[in-house]
Amino acid sequence: MAEKISRLSSLCKKDLVCLLCSELFKLPVRLRCGHSYCKTCLEKWWEPKGRRECPVCRTRSFSGMPPVNLALKVAAETLTENSASKEVNTEEELCHLHNEKLKLFCQRDEDPICLVCQVSKEHKTHDCCTIEEAAMEKRMEFIGKLDSLETHLKVFNKTKEDWKETKRFIKSQADQIEQQMKSEFQKMHQFLWDEEKTRVAELRQEQETKVQVMFEKLENLEEKISDLKETISEVERTIRENDMQLLQGYKEGKSRAKEPQREQQCVRDVLIDAAKHLGSLKFTLWKKMSDIVQWVPITLDPNTAQSNLSFSEELTSVWYDSKRLLPDNTERFTSRMAVLGNTGFTCGKHSWTVEVGQTRDWYIGVARESVKRKSTVFLNPAEGFWVIGMCNGHTYWAQTSPRLRLPVKKERRPWRIRVELDYDRGKVLFLNASDSALIHMFKDKFNEKVFPYFSPGVCAEGNNSSSLAICPMTIAVEVLDDIKLP
């Protein structure tokens with residue numbers, strides 16, 4: 001851009017004249033063929049013809065309005081303003097120290113100086129150039145900053161739209177969860193309605209809190225966008241000033257034109273914690289129920305799920321489904337058809353049983369919290385995965401490096417697999433839940449939180465999707481009388 005402006009600034013007036021109106025360019029636009037015309041002149045030329053083509057070479061143009069030729073625009077405006085400045089400013093400004101004309105610019109002090117100042121002790125060793133050269137150089141600098149600031153503005157506007165979409169999704173997500181919660185509550189007796197109201201209130205409080213977070217961030221972004229627009233306007237006005245005014249205000253202008261810091265593209269933990277509200281709902285109410293209830297040790301976290309995955313109401317089953325439009329939040333997998341459990345572990349022993357049934361393709365196990373979720377990586381311990389899986393309905397693999405084929409016989413194909421994690425000893429065991437036969441064991445050292453990992457296979461077109469389900473544990477509620485000591 002700077003080179004284009006420098007080259008155009010050396011052209012005479014006839015080189016900056018629109019071929020349609022024979023006057024200096026006014027808001028020139030550039031066609032794909034390279035010719036430029038005033039925007040208004042071009043629109044008037046196109047209107048009666050009913051087609052968009054270059055008046056000179058007849059090259060067809062794009063359907064939209066061509067982009068503004070910023071280089072020609074600035075060059076034409078500069079020529080116009082410099083001509084006006086020469087007519088109006090009959091007296092040149094003088095040096096306040098020596099009462100001489102300001103003809104030079106000190107590059108080190110960034111101030112206009114006179115010839116006497118140049119040979120003085122204060123500026124003798126400094127690099128100096130003429131006012132015209134300095135003005136052109138600094139104008140180029142501001143033009144470069146203008147492009148960068150406009151780029152930042154586009155990024156901010158894109159971020160604003162993304163955050164607005166996330167805000168709308170939070171509301172939609174909260175409404176959907178509310179409906180699921182109500183469906184569960186309707187299955188229970190009347191005495192549970194008070195508990196339902198309490199949980200809905202908690203959900204709405206979380207929604208309000210997280211929507212408020214996005215509102216404050218959007219409000220802050222709006223302020224930054226407003227400030228950035230004002231800065232851009234000031235830089236544009238500075239560029240159009242005459243040489244002396246531009247250089248006299250250069251320090252202040254340069255300070256104002258500093259590039260802002262970019263906003264974070266994604267906000268962590270901003271979505272509604274669906275697992276908190278829906279996970280093991282019946283179990284949390286066990287004290288109010290006289291019947292036997294079921295409890296699932298692991299709840300799936302839909303905020304980590306790839307967009308093709310769907311879940312049961314209480315987030316205990318997952319299967320491949322049609323793609324949904326979901327926010328690309330930090331926690332979500334986009335490179336793999338996977339979802340994590342809601343609960344992570346940093347110590348102790350933990351186990352859960354997964355019903356794989358007749359699913360032909362699946363992977364289960366544990367994964368580090370820091371695994372890459374937006375780019376493709378290998379499923380192996382080096383990348384933070386300790387998983388086994390089935391491929392094509394008959395081959396079992398341990399995802400080591402290189403991966404290891406597991407000797408599981410077809411007649412002993414496990415319907416359910418129990419995963420046992422011993423965090424402190426660095427072990428992950430996979431057992432056939434029917435007879436506790438060992439399928440595979442990983443031995444490693446964990447140094448961060450790990451989460452249960454689930455990946456159902458992609459459903460072939462025309463086939464029903466099979467699911468991975470976390471098996472419930474049977475919990476009996478037993479009331480014991482107080483034991484009185486003699």
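Two strands are taken to pair if DSSP finds at least two bridges between them, and the legends below apply this to a predicted model.

**Close-up 1. Pairing of strands β9 and β18 in the predicted model.** Strands β9 and β18 are joined by 2 bridges and pair in the antiparallel sense. Within this pairing, Val339 has Phe454 of β18 as its bridge partner. Phe454 is also listed among the residues with the most contacts inside the largest nonpolar core.

**Close-up 2. The open sheet of 6 strands.** Strands pair through backbone hydrogen bonds, in either a parallel or an antiparallel sense. Here the order is β9-β18-β11-β12-β13-β14, and the pairing is antiparallel. Because β9 (339–340) and β14 (404–406) stand at the edges with a single partner strand each, one side of each is left without a neighbour in the sheet.

**Close-up 3. Strand β11 and its pairing with β12 and β18.** Strand β11 (residues 362–368) is mostly covered, with 7 of its 7 residues buried. Its pairing with strand β18 (residues 450–456) is antiparallel and extends over 7 bridges, and in it Arg368 stands opposite Val450. Strand β12 (residues 385–391) also runs antiparallel to β11, to which it is joined by 6 bridges, and here Ile364 faces Ile388 of β12.

**Close-up 4. The largest nonpolar core and the surroundings of Val428.** The largest nonpolar core has 84 residues, and those with the most contacts inside it are Trp352, Trp362, Ile364, Ile388, Val428, Phe430 and Phe454. Helix α5 gives the most to this core, contributing 15 residues. Apart from this core lies another one, of 15 residues, which includes Cys18, Leu24, Cys41 and Cys54. When residues up to four places away in sequence are not counted, Val428 touches Val366, Trp386, Val419, Glu420, Leu421, His440, Met441, Phe442 and Phe446.

**Close-up 5. Helices α5 and α6 in contact.** Two packed helices are described by the angle between their axes and by the distance between those axes. For helix α5 (residues 131–186) and helix α6 (residues 193–240), the axes come within 9 Å and cross at roughly 170 degrees. Since angles over 145 degrees count as roughly antiparallel, α5 is therefore roughly antiparallel to α6. The residues of the contact between α5 and α6 divide into 25 nonpolar, 7 polar and 19 charged.

How values were computed:
Residues are numbered from 1 along each chain as its sequence is written. This is a predicted model: local features need pLDDT of at least 70, side-chain atom pairs count only at pLDDT 80 or more; totals for chains, interfaces and linings use all residues. Side-chain values use heavy atoms; hydrogens and water are left out. Axes are lines fitted to C-alpha atoms, for helices over the stretch in contact, and angles run from 0 to 180 degrees between N-to-C directions. Helices (H or I, at least four residues) and strands (E, at least two) are DSSP runs, numbered from the N terminus. Angles under 35 degrees count as roughly parallel, over 145 as roughly antiparallel, 65 to 115 as roughly perpendicular and the rest as oblique. Ala, Val, Leu, Ile, Met, Phe, Trp, Tyr, Cys and Pro count as nonpolar, Asp, Glu, Lys and Arg as charged, and the others, Gly among them, as polar. Buried means under 20% relative accessible area, exposed over 50%, partly exposed in between (1.4 Å probe, protein chains only). A nonpolar core is a set of buried Ala, Val, Leu, Ile, Met, Phe, Trp, Tyr and Cys residues joined through side-chain atoms within 4.5 Å. Contact means heavy atoms within 4.5 Å.
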